[in-house]
Amino acid sequence: MSQDQKTVYFTIDFHLVSREKPMLYNIYINSSTVKDKDHYVKIVKPGEVLTDADVEDFKKYQRIHVLESERGLYLQSLAENDDFESLDKVTAIKDSAVKHLDDIFNPGKEFNTEILGEALDGCHDSMKAMVGVIKDYDINSLKNLIGELSFHDFYTYDHSINVSMYSVLIYKQYRPKASEADLVAIGLGGLLHDLGKTKISTEILNKSGGLSDEEFAEIKKHPELGVELFREANPDFPGLKKEAIERVIVEHHENIDGSGYPKGLKGPDHHIFSKVVSVADFFDAITTKRSYSQALPIEDALEIMKKTVGKKIDAEIFDFFVKKVSKVILTGKTMIELPEDFNTEIAHAELPVQKVQPKKLGENFTKAPDNPNKIEK
Ligand SMILES: [Fe+2]
Ligand SMILES: [Fe+2]
């Protein structure tokens with residue numbers, strides 16, 4: 001843990017403070033009124049039990065804070081608390097995940113192995129909490145929840161977070177007895193699938209026109225670069241399924257028929273998590289409105305995906321996904337004409353970063369630079 005992390009605080013909402021339960025984390029106020037001369041004072045210790053009146057009383061302080069190093073405990077207490085609305089919980093968990101993803105993907109921020117290690121630590125905490133909240137959802141409810149989450153704030157990291165949530169859910173329904181460690185691993189695989197793109201120049205990543213062969217060759221390095229970064233950071237939590245996460249990162253552009261990259265592996269050689277993340281990735285890419293494309297309705301998205309079964313995505317996972325996604329029955333009649341030269345990479349071609357700017361900033365993370373192309377990592 002770096003020196004910095006010990007002394008960094010983040011702000012929490014009053015309404016997400018646990019009541020009538022022993023607290024898991026400390027709460028602080030900033031007693032200084034002088035800018036840049038913060039003075040944090042502890043007002044709640046772990047084990048204390050707060051009432052509604054206590055929390056109401058804290059509002060006189062305007063803001064309350066938690067140590068960054070206790071963010072995991074804060075998320076855990078959120079996930080475990082049935083008194084809070086799912087939307088509130090998932091919003092807070094998502095805010096945390098966004099903060100950590102920004103530490104990784106924002107080219108305007110300092111980046112090194114230690115920073116990546118701390119960010120992975122935070123992603124792990126966020127994913128544990130997320131698994132706790134969403135594992136019992138069905139996919140339609142999750143789609144609605146994701147819609148609500150993006151309705152208020154549209155962030156550059158939505159895609160990574162959505163893919164991780166869909167992956168957790170698909171896998172949980174595919175393997176109802178899946179362990180928490182499996183769900184956290186597949187969620188982290190989804191969250192970090194494009195980790196290697198931090199090593200590709202933003203100029204190439206953000207190019208709006210077609211890519212030259214050389215540029216595409218450069219992009220194709222990101223799965224292997226992602227694994228290298230992940231290994232260098234060497235996250236080490238009890239029970240973490242690192243090998244499975246690495247497989248997702250390196251295999252997320254492999255296609256079932258062997259036409260993908262980097263290795264051209266065929267279906268039987270793909271990790272089951274990679275197959276699930278591929279379906280989640282494809283689904284989110286075509287059902288989310290982006291600055292450069294319209295969102296497709298679910299039925300149309302499923303039609304598009306169906307045409308790539310056996311080529312790009314796995315038949316069993318897709319069938320399973322369709323059954324769970326909705327009561328939509330694919331009739332076989334074509335609703336959308338797929339062009340002959342349909343490129344299965346298109347849906348993946350865009351980064352979850354830098355393409356769009358946040359519309360609104362939350363309290364807990366930093367704005368991306370206005371012109372990210374200027375700075376390269
Ligand atoms: Fe990718
Ligand atoms: Fe993706």
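Start by selecting helix α13, whose 16 residues reach 23 Å from first C-alpha to last, close to the 22 Å expected at 1.5 Å a residue. (That expected span is 1.5 Å times one less than the number of residues; helices are DSSP runs of H or I with at least four residues, numbered from the N terminus.) Before going on: this is a predicted model, where local features need pLDDT of at least 70 and side-chain atom pairs count only at pLDDT 80 or more, while totals for chains, interfaces and linings use all residues. Residues are numbered from 1 along each chain as its sequence is written, chains are lettered from A and ligands numbered from 1 in the order written, and side-chain values use heavy atoms, leaving out hydrogens and water.

Now show the surface around α13: 15 of its 16 residues are buried, meaning under 20% relative accessible area with a 1.4 Å probe, protein chains only.

Next, pick Asp281, buried at 2% relative accessibility. Donors here are N, O and S atoms within 2.8 Å of the metal (3.2 Å for Na, K and Ca), and sites may look incomplete because water is not among the atoms. His193 sits in the loop between α8 (180-192) and α9 (202-205), 88 residues from Asp281 in α13 (residues 272-287). His193 is buried too, at 1%.

Stay there and look for the iron ion (ligand 1), 5.2 Å from the iron ion (ligand 2).

Last stop: α12 (residues 242-251), with seven of its 10 residues buried, among them Ile245 and Val248.

Key
Helices (H or I, at least four residues) and strands (E, at least two) are DSSP runs, numbered from the N terminus. Buried means under 20% relative accessible area, exposed over 50%, partly exposed in between (1.4 Å probe, protein chains only).
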